[in-house]
Amino acid sequence: MRHPRRTATTTTLLTAAGLVAALGLAAPATADPAPARVPAQATTPPDPGGSGEHSETTAGVVPPFVAPSHTGPARSVDGTARSAAGLPASGLPTRLSSRSTSFGSSFSGSVFDTSTGSPIWSKQATKALRPGSTMKLLTATTALRTFGTRHRFVTPVLRAGSRGDYVYLKGVGDPTVSSYRLDQMAASTAYQLKKRGIRSISLRVDDTLFPAPRNATGWEASDVGQWVTPVRALVYDGRMVSDTSMDAGDRFRSELRSRGISVRDLRRGATASGAQQIASGRSPELRTIVGDMLRVSHNDYAEKLLWASGMKAGTSRTWAGVTSYSRSQVAGYGVSTHGSVIADGSGLSRSDRLTSHTLAQLVLALRKHPSLGPVIFADASLPIAGRTGTLQNRFETAPASCAVGRVRAKTGSLRDAGAMAGIAKGTDGKERVFAVVSNGQPYDADLRGRIDALVATTTLCM
């Protein structure tokens with residue numbers, strides 16, 4: 001991938017940054033300019049996707065969030081508000097049971113009343129199945145509980161050595177580092193070095209926060225490089241290359257050279273003890289990162305957040321360690337994980353297993369949480385039926401189209417699995433939590449349509 005062009009806004013900010021550097025004020029952490037958003041890879045476009053293995057996920061960038069034009073009650077094709085009248089809630093369990101018969105035996109479904117937490121309907125609720133990207137709800141919970149909603153990842157640049165001419169670019173697991181941010185870190189670094197009379201350095205890339213990457217159990221060989229990258233602690237622009245850390249180091253070296261700093265060599269290496277920070281770049285708040293991950297179903301964001309959380313908590317440097325930690329964070333909300341298998345953070349693994357009961361319980365716990373709820377269910381986070389993210393092109397066909405704007409949910413898909421978990425606002429004004437997981441049937445337009453219809457039923461509009 002070629003480096004993205006700088007916009008006029010970016011050029012102006014670069015000029016301003018040069019003035020700041022000239023005044024000796026370049027040390028504060030560099031943040032990306034607003035309203036530009038961080039490019040990324042391995043994202044999920046709006047459904048429907050193709051009919052292949054991971055049709056919900058493809059390479060691309062995280063698009064800026066655009067607020068939907070309608071956030072209230074669902075509207076008909078001509079834009080007029082639909083009648084609030086719907087089917088009686090008393091018949092909901094029967095209608096759900098009837099519509100669930102087409103999914104066969106490899107199905108799990110649960111619906112709860114949000115206000116009371118009481119179960120409304122279930123079918124094989126404790127049957128553990130491949131959840132696809134609904135696994136990201138667990139990862140989001142883990143990251144937010146570990147770091148807090150307003151946490152920002154700060155990627156530092158440090159110097160050490162007897163002459164101070166060893167420079168370290170240190171990865172901290174931030175999945176949102178952009179070329180703009182990296183370039184500004186290089187500008188600040190060059191200024192600090194020149195101020196000390198240093199114009200020739202050895203550059204080291206420190207990605208030791210995470211261990212050397214290994215594939216998660218259940219990732220197929222073709223997954224890596226297409227749907228997910230090897231999990232390293234440093235990446236920029238979400239570039240899908242085999243060694244994202246050295247790729248970032250190469251970009252950083254080029255920027256230093258363009259600013260008059262000679263780089264003798266570039267290698268991977270741990271930061272020397274006592275190294276002094278001379279520049280840094282910081283991410284958006286974690287609530288924004290998590291929102292982007294959930295809205296577009298970003299695999300690499302999920303895996304890096306899982307590993308960053310585990311390393312922050314001091315778990316063993318293994319997939320087993322970080323996934324066990326994720327399980328403990330979900331269980332900390334009183335959510336049963338019985339029968340679950342958590343093999344990764346994205347849901348890409350074919351070894352992952354979740355029950356609809358676990359998913360629905362987690363959604364319920366998040367909905368009621370005073371700080372996590374507003375993050376997960378924000379307009380820029382969980383997709384809105386027919387309007388945003390992976391649900392933008394869902395619920396398009398009648399009668400399920402009656403649920404447009406009424407559902408906020410995380411989708412999941414593999415070649416033989418489809419899932420959805422979230423909340424549904426009923427025509428009776430009541431909100432219901434739901435989770436449905438189907439395995440063993442091709443993930444195609446027909447399966448998506450049947451899932452949409454089942455979920456729409458929870459709103460009482462059909």
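I began with the sheet of this predicted model, and found an open sheet of five strands in the order β6-β5-β4-β3-β7, with mixed pairing. I noted β6 and β7 (276-282) as the edge strands, since each pairs on one side only. From one strand to the next, I read an average twist of 20 degrees.

I then looked up how β3 meets β7, and found the two strands running antiparallel and joined by six bridges. Across this pairing, arginine 159 stands opposite glutamine 276 in β7. Against the sheet I found α4 packed, with contacts to β3, β4, β5 and β7, and its direction makes about 160 degrees with that of β7.

Next I turned to α5, which lies across β3, β4, β5 and β6 and runs at about 170 degrees to β6. I recorded 15 residues for this helix (residues 244-258) and a reach of 21 Å from first C-alpha to last, close to the 21 Å expected at 1.5 Å a residue.

Which residues of α5 are buried? I listed Thr244, Ser245, Asp247, Ala248, Gly249, Arg251, Phe252, Arg253, Glu255 and Leu256. Their cover includes the strands β3 (154-160), β4 (166-170), β5 (200-206) and β6 (262-268), together with the helix α4 (179-195). Just after α5, I saw that glycine 260 takes a positive phi of about 90 degrees.

For α3 (residues 136-147) I noted twelve residues reaching 16 Å from the first C-alpha to the last, close to the 16 Å expected at 1.5 Å a residue. I found α3 mostly covered, with eleven of its twelve residues buried, among them Leu137, Leu138, Ala143, Leu144 and Phe147.

In the loop between α3 and β3 I looked up threonine 149. Why does threonine 149 count as buried? Its relative accessible area is 17%, and the cut-off for buried is under 20%. Leaving aside residues up to four places away in sequence, I found that threonine 149 touches Leu144, Glu285, Leu286, Arg287, Ser371, Leu372 and Val375.

I then went through the salt bridges, of which the structure holds 27. In one of them, the side chains of arginine 130 and aspartate 416 meet at 3.6 Å, N to O. Arginine 130 is in the loop between β2 (119-123) and α3, and aspartate 416 is in the loop between β8 (407-414) and β9 (417-425), so the pair ties together parts that are 286 residues apart in sequence. I recorded both arginine 130 and aspartate 416 as buried.

Aspartate 416 also forms a salt bridge with arginine 350, at 2.8 Å, N to O. This pair links distant parts of the chain, 66 residues apart, with arginine 350 placed in the loop between α8 (319-331) and α9 (356-368). Arginine 350 is buried, as is aspartate 416.

Last, I looked up the salt bridge between arginine 267 and aspartate 265, whose closest N and O atoms are 3.5 Å apart. Is arginine 267 buried or partly exposed? I found arginine 267 partly exposed, with a relative accessible area of 48%, whereas aspartate 265 counts as buried at 18% relative accessibility.

Technical notes:
Residues numbered from 1 in each chain as written. Predicted model: local features only at pLDDT ≥ 70, side-chain atom pairs only at ≥ 80, totals over all residues. Heavy atoms only, no water. Helix = DSSP H or I, 4+ residues; strand = E, 2+ residues; numbered from the N terminus. Expected span 1.5 Å × (residues − 1). Buried < 20%, exposed > 50% of the residue type's maximum accessible area, 1.4 Å probe, protein only. Contact = heavy atoms within 4.5 Å. Pairing = 2+ DSSP bridges. Axes fitted to C-alpha atoms, helices over the stretch in contact; angles between N-to-C directions. Salt bridge = Lys/Arg side-chain N within 4 Å of Asp/Glu carboxyl O.
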